[in-house]
Amino acid sequence: MELLDAIESRRAVRSYTAEPVDAATLNELVHIAVQAPSAMNHQPWRFVVVRGAPYLRELGILAARHARAHLPPESPLAQHLADAGVEIFHGAPALVLVCAEHDEPQAIEDCCLAAMVLMLAAHGSGLGTCWIGLSRPWANSPEGRAALELPASQVAVAPIVIGYPAVMPAPSPRRPPELLWRTGSGAMRGQ
Ligand SMILES: Cc1cc2nc3c(=O)[nH]c(=O)nc-3n(C[C@H](O)[C@H](O)[C@H](O)COP(=O)(O)O)c2cc1C
């Protein structure tokens, strides 16, 4: 798949087949993700890989419970989670959690870039992904950190579920970008 096609056709996938994603494929995707740029090439990312839809479903129940307990009840997300059967990880068979080393100043930015590369690489390999920001507070909570065995030096940044898409969603609309051109004209000219 051409790069521009991949960028244009990637979608947040929220419905997955039962087909597992094998460890070799996940390993390969993470190896591509680390081609992302990082501040001073510090590469402060670490990857927690969870495999198995039933296990991920169990973790999803914990993450949803945490979100319900911490979101303002009137918020749209809390209302979405009010349905006890909601699957926060969308029934995916795998999760790659991109984590940042705490002590790196631009580690969050670096990890977001690695996550984006991972999502595009997965899409280019016929896989679907969805960034599950809703699960991040749980992943960084004492309970989530224990479940995921996160080392104390790391903070969870990007929980990305991965699997084979059962349904490829229609493109979601984008607003036209606002561009503010600067040409160096006016007061600055001639200085
Ligand atoms: C930081 C971030 C957090 C997100 N959190 C969630 C989430 O918790 N659950 C979910 O289903 N989708 C989540 N998404 C996916 C977005 O809803 C989705 O990317 C957006 O609606 C645009 O759709 P598209 O990715 O198909 O273009 C998240 C995306 C980002 C970038």
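**Overview of the chain**

Analyst: The protein chain has 7 helices and 4 strands as its secondary structure. Keep in mind that this is a predicted model.

User: In what order do the elements run from the N terminus?
Analyst: The protein chain goes α-α-β-α-α-β-α-β-α-α-β.

User: What box do the C-alpha atoms fill?
Analyst: Taken along the principal axes, the box is roughly 65 × 35 × 35 Å.

User: And what share of the residues is buried?
Analyst: Of the 191 residues in the protein chain, 31% are buried.

User: OK, the sheet. What is the order of its strands?
Analyst: The order is β1-β2-β4-β3, in an open sheet of 4 strands with antiparallel pairing. β1 (45–51) and β3 (128–131) are at the edges with a single partner strand each, so one side of each has no neighbour in the sheet. From one strand to the next, the twist averages 25 degrees.

User: What holds strands of a sheet together in general?
Analyst: Strands pair through backbone hydrogen bonds, in a parallel or an antiparallel way.

User: How many bridges join β1 to β2 here?
Analyst: There are 7 bridges between β1 and β2, which run antiparallel. One of the contacts to look at is Val48, whose bridge partner in β2 is Leu97.

User: And β2 with β4, how many bridges?
Analyst: β2 and β4 pair over 8 bridges, again in the antiparallel sense. Here Leu95 has Val161 in β4 as its bridge partner.

User: That leaves β3. How many bridges does it form with β4?
Analyst: β3 pairs with β4 (residues 154–163) over 4 bridges, in the antiparallel sense. Thr129 stands opposite Ile162 in β4.

User: Back to β2. How many of its residues are buried?
Analyst: In β2 (residues 94–101), 7 of the 8 residues are buried, so this strand is largely enclosed by the rest of the structure.

User: Which residues of α3 are buried?
Analyst: The buried ones in α3 are Ala53, Leu56, Leu59, Gly60, Ala63, Ala64, His66 and Ala67. They lie on the same side of α3, because they cover an arc of only 160 degrees around the axis.

User: Which exposed residues are on the face turned away from that buried side?
Analyst: Pro54 and Ala69 are the exposed residues carried by that face of α3.

User: What about the loop between α2 and β1? Where is phi of Met40?
Analyst: Met40 is in the loop between α2 (23–33) and β1. Its phi is near 55 degrees, a positive value in a residue other than glycine. Gln43 is in that loop between α2 and β1 too, and phi of Gln43 is near 50 degrees, also positive in a residue other than glycine.

User: Is Met40 buried or exposed?
Analyst: Met40 counts as exposed, because it has 10 C-beta neighbours inside 10 Å. Gln43 has 17 C-beta neighbours inside 10 Å, so Gln43 counts as partly exposed.

User: Last topic, the ligand. Which residues are around it?
Analyst: They are Arg11, Ala12, Arg14, Cys130, Trp131, Ile132, Gly133, Leu134, Pro169 and Ser172.

User: How do the residues of that shell divide?
Analyst: The shell around the ligand has 6 nonpolar, 2 polar and 2 charged residues.

How values were computed:
Residues are numbered from 1 along each chain as its sequence is written. This is a predicted model: local features need pLDDT of at least 70, side-chain atom pairs count only at pLDDT 80 or more; totals for chains, interfaces and linings use all residues. A residue is near a molecule or strand if its C-beta atom, placed from the backbone, lies within 6 Å of it. Ala, Val, Leu, Ile, Met, Phe, Trp, Tyr, Cys and Pro count as nonpolar, Asp, Glu, Lys and Arg as charged, and the others, Gly among them, as polar. Two strands pair if DSSP finds at least two bridges between them. Helices (H or I, at least four residues) and strands (E, at least two) are DSSP runs, numbered from the N terminus. Axes are lines fitted to C-alpha atoms, for helices over the stretch in contact, and angles run from 0 to 180 degrees between N-to-C directions. A residue is buried if 20 or more other C-beta atoms lie within 10 Å of its own, exposed if 12 or fewer, and partly exposed in between; C-beta atoms are placed from the backbone. The arc is that of the directions from the helix axis to the C-beta atoms.
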